[in-house]
Amino acid sequence: MQGVTVTTGSKLVIHWQKSFKPGMAYVMLGRCESIKDIYISGEFDPANIKCDKAALAEAQRIDEVVRARDEIEQLLEDKMWTVSFINVRSLPAHFADVESVPILKQSHVFACGETWMHPGQAVELDGYNGAFENCGHGKGLAVFSRLQDATTQTYSSEKFSAALVTSNEFNMIFAYLSNGFDWLAFQELLDHWIKDEIPTVLLGDVNWHWNSNHLMKTYMTGKGFTQLIKRATQLEGHIIDHVYVSHHFPKEVIRVNQQSVTFSDHDVITVSFPK
């Protein structure tokens, strides 16, 4: 029964025995979606539910690792700005998934690309202000911010969507660029949004591989930006989700994170830097 799910309405009979090895009772009792579908043959004795000592020690070790990580994350929350992006492949279909990703909920600002939302659609995320550039199937961008001083403006053309979030301390640009997007049109927008005197980060799905030559790569480097993602962000093995930071940020204290999720073939990409 290891790994098997007994769906609601199906019945499972467990032949209870004193000779159960560690973990066996747990496996059998944990297969059913509904406790009402479990039937026990023989005399039920909770003493026969035994845990393997090595497994218990490992579970306790993992609990300590998680606790320490949570303490570090709380420290970072107090001392760091955190900004994230994910290609969500339909925000209405995966909004509950987005809400369940800890790094997104820890972010002060994050964006979802390829939202697949139509004009007039919106979703509400508790504690965040949302801005939506809805362009229909396979396109679109949504930005969620909990910065009190921030303002957001959005823009779309036929093959790209972008947003500029301005705050008192730094600016953020988010982008979802479809395959074959008009680079010259996007460059014109960046020329308007990027200010040499303002610290700026740019995150997004750019739909071109970082290890290839692209005019955007030359442009961003020329503007004094550094691209921080160095390993594949998408299942096909390409670095097509990028994080750019301007020269204002001290590189030695910037933290970059990638996290795989079950609902997208893209990683969540995150950048954190000191307040």
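Author: Helices (H or I, at least four residues) and strands (E, at least two) are DSSP runs, numbered from the N terminus. This is a predicted model, in which local features need pLDDT of at least 70 and side-chain atom pairs count only at pLDDT 80 or more, while totals for chains, interfaces and linings use all residues. Residues are numbered from 1 along each chain as its sequence is written, and side-chain values use heavy atoms, with hydrogens and water left out.

Reader: What makes the contact between Arg67 and Glu64 a salt bridge?

Author: The term requires a side-chain nitrogen of Lys or Arg within 4 Å of a carboxyl oxygen of Asp or Glu; the N to O distance here is 2.9 Å, so the pair meets that definition. Both residues lie in helix H2, three residues apart, about one turn of the helix.

Reader: Why is Asp37 called buried, and why is Lys11 called exposed?

Author: Buried means under 20% relative accessible area, exposed over 50%, and partly exposed in between (1.4 Å probe, protein chains only). Asp37 has 4% relative accessibility and therefore counts as buried, whereas Lys11, at 52%, counts as exposed.

Reader: Which parts does the salt bridge between Asp37 and Lys11 tie together?

Author: The side chains of Asp37 and Lys11 meet at 2.9 Å, N to O. Asp37 lies in the loop between H1 and S2 and Lys11 in the segment before S1, so the pair links parts that are 26 residues apart in sequence.
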